[in-house]
Amino acid sequence: MNYKINELFETIQGEGSFTGQPSIFIRLQGCPVGCSWCDTKHTWDISLDDEVTAETMLTKSEETQHWANFTPEDILALVNDKKFNAKHIVITGGEPCMVDLTPLCELFEQRGYSTQIETSGTFEIITTEKSWVTVSPKVNMRGGYKILNSAMARANEIKHPVATEQHVDDLKALLAEHQVIDTPIYLQPISQKKRATELAIATCIANNWRLSVQVHKYIGIE
Ligand code: SF4
């Protein structure tokens, strides 16, 4: 099994339940969901012309749509090579659930790492039982994908981007439709906008949900 990796780096997780956790981020290439406010649009297209060597991918100085092909064993070797200290792996994108994540998560879990997947909830989530799954449901986006019941049921946390009342209504409809009861819900203001943040704070208090403010963007790290 090979994975198309756009970026691999060590940082602090800035979102959701693992906020503050040193983490190794593996960003996979490819996403057809089409969110207008997406901040990783360079991960959308998978073009064979954009394949580069591992070294080129790792030394990119700016965000590009270049990716390199890795097996899980290659990734583990790279993480060891780089002497990363973090013991938490975050697989993000793009939309990582376009591929089977089991071999990748299994290998890292066998070596004592915890794994987390960040997904839009529009693809079947194929991974290990132990993986922590963060579903950030992307409703009515340009790609026309539906949120899957199986994804909502598998979620260990739901993290919803909000900027308008409509986003809150969409989330409430989704939670009702998929009968989500006990899963922790995080609201995440889109693009750190003041109005979105105020809306998220008020809605969290009103519904006993949690706030996720993308800490990494406030402290200026990746
Ligand atoms: S699902 Fe994620 S990567 Fe895909 S378009 Fe939406 S925000 Fe961007």
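Reader: How many salt bridges does the structure hold?
Author: The structure holds 5 salt bridges, each being a side-chain nitrogen of Lys or Arg within 4 Å of a carboxyl oxygen of Asp or Glu. This is a predicted model, in which local features need pLDDT of at least 70 and side-chain atom pairs count only at pLDDT 80 or more, while totals for chains, interfaces and linings use all residues. Residues are numbered from 1 along each chain as its sequence is written, and side-chain values use heavy atoms, without hydrogens and water.

Reader: What makes lysine 159 and glutamate 15 a salt bridge?
Author: Their closest N and O atoms are 2.5 Å apart, and the cut-off is within 4 Å, so the pair qualifies. Lysine 159 lies in strand 7 and glutamate 15 in the loop between strand 1 and strand 2, so the bridge ties together parts that are 144 residues apart in sequence. Strands are DSSP runs of E with at least two residues, helices are runs of H or I with at least four, and both are numbered from the N terminus.

Reader: Why is lysine 159 called buried?
Author: Its relative accessible area is 4%.

Reader: What joins Glu15, Glu118 and Lys159 into one network?
Author: The side chains of glutamate 118 and lysine 159 also meet in a salt bridge, at 3.7 Å from N to O. This pair links strand 5 with strand 7, 41 residues apart. Salt bridges that share partners make Glu15, Glu118 and Lys159 one network.

Reader: How do you know which class aspartate 39 belongs to, buried or partly exposed?
Author: Aspartate 39 is at 44% relative accessibility and therefore counts as partly exposed. Lysine 217 is partly exposed because its value is 34%. The two side chains meet in a salt bridge of 2.5 Å, N to O. Aspartate 39 lies in the loop between strand 2 and helix 1 (54-58) and lysine 217 in helix 7, so this pair ties together parts that are 178 residues apart in sequence.

Reader: What makes the lining of the largest pocket?
Author: The lining has 40 residues, and Glu15, Arg27, Asp39, Thr40 and Gln214 lie nearest the centre of the pocket. Strand 1 gives the most, with 3 residues. By class, the lining has 13 nonpolar, 16 polar and 11 charged residues. The pocket holds about 850 Å³ of space.

Reader: Why is one space a pocket and another a cavity?
Author: On a 1 Å grid over the protein atoms alone, a cavity is where a 1.4 Å probe fits but cannot get out, whereas a pocket is an open set with protein on both sides within 12 Å along at least five of seven lines; lining residues have an atom within 4 Å of a point. The count is 1 cavity of 30 Å³ or more. The largest cavity has a volume of about 60 Å³, and its lining includes Trp37, His160 and Asp170. Strand 7 and helix 5 (165-177) each give two or more residues to that lining.

Reader: What makes the nonpolar patch on the surface?
Author: Ile201, Ile205 and Leu211 form it, with about 280 Å² of accessible area together. Patch residues have over 30% relative accessible area and no salt bridge; like charges are joined within 9 Å and nonpolar side chains (Val, Leu, Ile, Met, Phe, Trp, Tyr) within 5 Å. Leucine 211, in strand 9 (residues 210-211), counts as partly exposed because its relative accessibility is 37%.

Note on methods: Points joined across faces, edges and corners; volume = space filled by probe spheres on them. Nonpolar A, V, L, I, M, F, W, Y, C, P; charged D, E, K, R; others polar. Areas by Shrake-Rupley, 256 points an atom, 1.4 Å probe, with all protein chains shown as cover. Buried < 20%, exposed > 50% of the residue type's maximum accessible area, 1.4 Å probe, protein only.
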